[in-house]
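Reader: I would like to go through some labels used for this structure. Please set each one against its definition.

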Amino acid sequence: MTGDVFNPEQLSRCISCGFCLPACPTYAMTGDEASSPRGRITLMRALQDGTLPPDDDTLAEQSSFCLGCRACEPVCPAGVEYGSLLEQWRVHQWRGPRRPLVARALMLLVEQRWVLRLLGLVRRAAHGPAAALPPEPGASDALPPEPGASDALPPEPGAAGGPDAQLMLGCVERGLFPAVSRAARALDPGLAAPTAQGCCGALHAHNGDLAGGERLAERLGEDLPGTIVTTSGGCAAHLASVLGRDRVRELSTWLAERPAGAELRVAGRRARVALQDSCHLRNGLGVFAEPRALLRQVADYVELPSAATCCGAAGTYSLLRPKESRRILDAKLDEIEAAGVDLVVAVNPGCLRQLRTGLRRRRSPVRAVHLAELLTRVEPASRPD
Ligand code: SF4
Ligand code: SF4
């Protein structure tokens, strides 16, 4: 496909039926066909056949406005791989200096392994061992403390536990949420977690550097031979696309059932919890039943009407398009608060950051936690009150 921006076969699959329009958050926001998956594919075709010049403003705007959430994929009867088309589009739109500065800086940062380790150390020094689940303003029902928690990762178990499964520590988690990896290790002490591991490359693939995204994923596959277990839905989808689905397990698909009777209690009663799906985990890998099943075992689960819809984090989107990201998030937070839940659970660090930041800003009593953190805090069921 020399000279082509897009894989022609992928681009030809769209039959313009429009079934994807109701699933698209940017179309819902604007009602504008150009901001829908079908409209964007029409733009891609115009770019491919030269009808639109490469520097056309609408092309630039729509490739950036798209969340990359892939909600348009599962509803498409023609099997259009929209996420892949968007990655190819951004290689074209964001080549060289046209890539947003923030994205460039982050991509450079996560490639440096020493930076990842330093981020974790700085975070620990600044916030101390309790940083992962800080008390929220107005939240009177703190989760029970994690028994024996220290902020360092548990020692590597060597050959103990799962024969060849290793935990991916992740860039965002190492910097912002080290307790998530600690919780995953507590849930499965057999998981090794070597500190000599790099970035998975999802950030690169989603920001116009497909070759870099592939290179980093392959390198991580060498760092972590065997099965890779990750607490990040977005990383799972990217790694699976490069290394193959049989090499990669998102945490909820890895964990066994909880012990019978174990439950999470808040204010003397069984907790009410909701889930925010990870877009790429759900729409890319089809994983959505597993985290819900785990939550139903330990708490009263409440399905949010928009659980499957993007929270506005979308990788670097919240940094590159803060106004639109905030608009999407605000609607989501209204829904979470109206649901009367104690906790909203994320299975991706970007979603966790987005939800936690938004809830804190509102001084909401609802708290955002990662699934791994929640599951480490379940207790044997107490006698009925
Ligand atoms: S992307 Fe799929 S659902 Fe959307 S218009 Fe094209 S064929 Fe139809
Ligand atoms: S990836 Fe998300 S925002 Fe982009 S076209 Fe598809 S549904 Fe719409």
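Predicted model: local features only at pLDDT ≥ 70, side-chain atom pairs only at ≥ 80, totals over all residues.

Reader: Which residues come nearest to ligand 2?
Author: Cys24, Cys66, Cys69, Arg70 and Cys72, out of 13 residues around ligand 2. A residue is near if one of its heavy atoms lies within 4 Å of the molecule. α2 and α3 (37-48) each supply at least two residues of that shell. Helices are DSSP runs of H or I with at least four residues, strands are runs of E with at least two, and both are numbered from the N terminus.

Reader: Where does ligand 1 sit?
Author: In the largest cavity. A cavity is a set of points, on a 1 Å grid over the protein atoms alone, where a 1.4 Å probe fits but cannot get out. A molecule sits there if more than half of its atoms lie within 2 Å of the grid points. Ligand 1 has 13 residues around it, with Cys14, Cys17, Gly18, Cys20 and Cys76 the closest.

Reader: Why is Arg363 called exposed?
Author: Its relative accessible area is 61%. Exposed means over 50%, buried under 20%, and partly exposed in between, with a 1.4 Å probe and protein chains only. Arg363 is therefore exposed. Arg363 lies in the loop between α18 (349-361) and β10 (367-370).

Reader: Why does Ser16 count as partly exposed?
Author: Ser16 has 39% relative accessibility, so the label is partly exposed. Phi of Ser16 is near 60 degrees, a positive value in a residue other than glycine. Most residues other than glycine have a negative phi.

Reader: What makes β1 and β3 edge strands?
Author: The open sheet has 3 strands in the order β1-β2-β3, with parallel pairing. β1 (165-168) and β3 (248-250) each have a single partner strand, so one side of each is left without a neighbour in the sheet.

Reader: How many bridges join β2 to β3?
Author: 3 bridges join them. Two strands pair if DSSP finds at least two bridges between them.

Terms used: Residues numbered from 1 in each chain as written. Chains lettered and ligands numbered in written order. Heavy atoms only, no water. 1 Å grid on protein atoms, 1.4 Å probe; cavity = no way out; pocket = protein on both sides within 12 Å on 5 of 7 lines; lining within 4 Å.
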